[in-house]
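Hi,

Here is the structure I promised to pass on. Have a look at it first, and my notes follow below.

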Amino acid sequence: MFISDVHLGSKAAKAEFLIDFLRYHDADIIYLVGDIVDGWRLRRSWHWPQSHNDVVQKLLRKARKGASITYIAGNHDEFARQFQGVHFGGIVVADRAIHETADGRRLLVIHGDQFDTVVHNQRWLAYLGDYAYDGAMLVNRVVTKLRHLLGLPYWSFSSWAKVKVKKAINFIGSFQTVLSDEARRSHVDGVICGHIHHAAIESYGDVQYINTGDWVESCTAVVEHFDGHMEILTWAHVLPETEAGSDMLVPVDLIDLEGRAAQAA
């Protein structure tokens, strides 16, 4: 299971959705692919509600039950990079990792900010963009509340806007190409990353590009089935507690996702 860009510590984090997702899904190997904690926002103002703490506790509980969990540091939680190789409650910190799938493929797991020129060469612009993103998230929360009042399911205004803006589309395409090139340089079969909050599974010639998405806008994760097949799961609902206890974990390939989503809607 691959999860990234949760941004715990920000008001935009959909922690309740992630907690619900983790209640219904389990895996022997879990990768946290960067920006799990939003250090940038926490430095500006402290925001850490109980639901954010619950996400951490849920992950630690999975580690105690035997799951192998690797925390890949991102740019918003870059403070974690100084702890590479260190274990915290059964979770090991790394800058990158190589995951071998059930069907024998080798995939580079990396957050992806290392290949974002704005983050590294124009850091002030990255921070400015972060403030602008906060504004987009504010609009997103207003839209979400209105849709909830009208009895409509969750829908991300910011994700919709991202795919409509030409420059954003061009950036996403360039990012995918650069990460695919890095996979070739690393002599692996593909790459799994996060960072740009745009879930995707694409083929670029001889390598596979996989992006896990995020838990701020789209509420997506990537899972590997028992045959090595990769799939993007969207979990933009919180299901009733009666459908599963707080500690009930079900293998992902046994869940009728469409049926559960219909029940939740």
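First, a term for the notes: a salt bridge here is a side-chain nitrogen of Lys or Arg within 4 Å of a carboxyl oxygen of Asp or Glu. Before the details, the ground rules: this is a predicted model, where local features need pLDDT of at least 70 and side-chain atom pairs count only at pLDDT 80 or more, while totals for chains, interfaces and linings use all residues. Residues are numbered from 1 along each chain as its sequence is written, and side-chain values use heavy atoms, with hydrogens and water left out.

Salt bridges

The structure holds 10 salt bridges. One of them joins Arg81 to Asp95, with the closest N and O atoms 2.9 Å apart. Arg81 lies in the loop between E3 and E4 and Asp95 in the loop between strand E5 (91–94) and strand E6 (96–100), so this pair ties together parts that are 14 residues apart in sequence. (Helices, H or I with at least four residues, and strands, E with at least two, are DSSP runs numbered from the N terminus.) Arg81 also meets Asp113 in a salt bridge, at 2.8 Å from N to O. That pair links distant parts of the chain, 32 residues apart, with Asp113 in the loop between E7 and helix H4 (117–121). Put together, Arg81, Asp95 and Asp113 are linked in a network of salt bridges. Arg81 and Asp95 are buried, and Asp113 is buried too. For the cut-offs, buried means under 20% relative accessible area, exposed over 50%, and partly exposed in between (1.4 Å probe, protein chains only).

Another salt bridge has the side chains of Asp26 and Lys62 meeting at 3.3 Å, N to O. Asp26 is in the loop between H1 and strand E2 (29–33) and Lys62 in helix H3, so the pair ties together parts that are 36 residues apart in sequence. Asp26 is partly exposed at 33% relative accessibility, whereas Lys62 is buried at 4%.

The E3–E4 loop

His76 also sits in the loop between E3 and E4, and counts as buried at 8% relative accessibility. Its side chain makes a polar contact of 2.9 Å with that of Asp38. (A polar contact is a pair of N or O atoms within 3.5 Å; within protein, one must be able to donate a hydrogen and the other to accept it, and residues adjacent in sequence count only if both atoms are side-chain atoms.) Val86 belongs to the loop between strand E3 (68–72) and strand E4 (87–88), and is partly exposed at 32%.

Helix H1 (residues 15–24) is mostly covered, with 9 of its 10 residues buried; among them are Phe17, Leu18 and Ile19.

In strand E8 (residues 190–193), Gly190 and Ile192 point one way and Val191 and Cys193 the other, and all are buried. E8 pairs in the parallel sense with strand E7 (residues 106–110) over 3 bridges, and with strand E10 (residues 207–211) over 4 bridges, again in the parallel sense. Two strands pair if DSSP finds at least two bridges between them. Gly190 stands opposite Leu107 and opposite Gln208 in E10.

What about disulfides: how many does a search of the whole structure find? The count is 0, a disulfide being a pair of cysteine sulfur atoms within 2.5 Å. Cys193 is buried at 0% relative accessible area, and Cys219 is buried at 0%.

Cheers
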